[in-house]
Amino acid sequence: MAGFTDRDKALFPLKNISSAVEIFKNQLESSHEPDLALLSIIGGAVENSLTCRSNVTIQVVEPKALPILELHTIEDLYNKFHAIMKGAIDVSKNENKVCTRETIKKVSDVVWNSLTRSYYKDRAHLQSLYSYLTGRKLDCFGVAFAVVAGCQALGFSDVHLALSEDHAWVVFGETGTETAEVTWHGKGNEDKRGQEIGKGVSARSWLYVNNKPVICTRAMEVAALVSAINPSLNATLDACEVACLQQELLWLLYDLGHLAKYPMAIGNLGDLEEIAPTPGRVPCSALFQEAILSARTYYNNQHVYPYTYQGGYFYRNKMYKEAFESWANASDVIRLYNYSRDDEEIYKEFLEIANELIPHIMKVISSGFSANSILKKPECFANLLRFYDGICQWEQGSATPVLHIGWAKPLVNTISKFDADVRAQVNIVCESETSHLDEKKLPRSNGNTSCFNNNNNYCLSEEHAKSNNLINKIESKVTKEDEVTNL
Ligand SMILES: CC1(C)CN=C(N2CCN(c3ncnc4sc(CCF)cc34)CC2)S1
């Protein structure tokens, strides 16, 4: 581990973004692995000094200036973290330096038991070791990160962060294939700390991305802490210096190749670039495409967020036809999973798209009469069907229902906006009889082509076309709604 080098110490007191970036650069380009505790404390200290309540006065200072960060502030916290870890876990006898489940559980317990008794877990700015060491508060990602940083501080180079789209755990051992829960997930769920990652029903839930998590290197763990930097001052305002630091650090990591297998970090950079494009860099649309390509290449196209990053971009930029395609591709991913109670986050994502974003699009375009309206395009209708069909298939075979009456009205409302002659141009073709009904198939489209065959036929999943197809499901929901409204 590089540790806190004299070269880095010489950059203190930190007065601007460039010197903070310089420390990350030194650590990432060092022959030793980057020091997670050091970088998390520095990132957290900068974030805290610019976003937390204490000094919210909006100072107008020279661009990229930071509130001065003294060396002793960082050094004292860094030494405190090492003291906590080395005081609790004796590793002197364990020479072979491969970590054990027992040691990982101990590190997780040290972090867990030192947290404030009760606090609002979803608050912002609780992700860094700065928050842990000064406020004894961490969010669920922060606990997992602290365990990996603690194991690094204890000399274990085999313990790494594993990331799904809504959870984090660790991998370790000789071949790096042992897994362990180290933090909690969601609300009101008993934590499973110490246990290996589920092989049971939870393995089929989106939460564990069908066993295709991002397995981090040390540099990717730096990318995770940088991604977790939160520039929010409040619900509407961002501290631009923090956003600027995060953006510069993500480009540093990008140029060093450490985002190549980390779709969400590329998506985060895309979001920042959409707000504040960096001259000379690729456009944010290219970054969203790169994130999708990364998920297809390294994670068997089983991650949803790369498509919702892209769909959100198209939506904000009024590129509605393209947004429908991205959202249909997102739905093609979720259809292979079984919905479980741990999947609330992605459920909310699809609910917002289906019941807020698409209805909004229908509202704003139906007022216009332009000939090239998306209401005249069969591929838009087809992509909407693919979107809804994926959600229906997600529900099928799941213990927990997804759709309820609230989904039906916006769904029917949307579909009915397309004239019959447009709908007639989309032929629903059942896939071959050979596909197995019981097992959910791997994603049918590898994402880069929508599911049309050569004469623009739309292929609905066989399960729907055959057993209870999309239209039947809609009719059943709608009749129920009629009953309800006629009560
Ligand atoms: C398209 C979106 C709604 C926009 N932001 C999104 N995210 C913001 C950034 N996110 C992330 N960004 C980098 N790394 C990670 S690891 C993780 C699971 C908990 F550890 C989440 C996450 C989560 C997803 S998805």
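**Close-up views of a predicted model**

**View 1. Helices α5 and α7 where they pack.** Helix α5 (residues 101–113) and helix α7 (residues 140–153) approach until their axes come within 9 Å, and they cross at roughly 125°, where axes are lines fitted to C-alpha atoms, for helices over the stretch in contact, and angles run from 0 to 180 degrees between N-to-C directions. That angle makes α5 oblique to α7, since angles under 35 degrees count as roughly parallel, over 145 as roughly antiparallel, 65 to 115 as roughly perpendicular and the rest as oblique. The model is predicted, so local features need pLDDT of at least 70 and side-chain atom pairs count only at pLDDT 80 or more, whereas totals for chains, interfaces and linings use all residues. Residues are numbered from 1 along each chain as its sequence is written, and side-chain values use heavy atoms, with hydrogens and water left out. Helices (H or I, at least four residues) and strands (E, at least two) are DSSP runs, numbered from the N terminus. The contact (heavy atoms within 4.5 Å) is made by I104, V107, S108 and V111 of α5 together with V143, A146, V147, G150 and C151 of α7. These residues divide into seven nonpolar, two polar and no charged, with Ala, Val, Leu, Ile, Met, Phe, Trp, Tyr, Cys and Pro counted as nonpolar, Asp, Glu, Lys and Arg as charged, and the others, Gly among them, as polar.

**View 2. Helices α3 and α4 where they pack.** Helix α3 (residues 36–51) packs on helix α4 (residues 71–88) at an angle of about 135°, with the axes 10 Å apart. That makes α3 oblique to α4. From α3, the residues A37, L38, I41, I42 and A45 meet I74, L77, Y78 and F81 of α4, and this contact divides into nine nonpolar, no polar and no charged residues.

**View 3. Two backbone features in loops.** A cis peptide bond, with omega about -10°, joins F12 and P13, and P13 lies in the loop between α1 (6–9) and β1 (14–16). R136, placed in the loop between α6 (129–135) and α7, has a phi near 50°, which is a positive value in a residue other than glycine. Most residues other than glycine have a negative phi, and most peptide bonds are trans.
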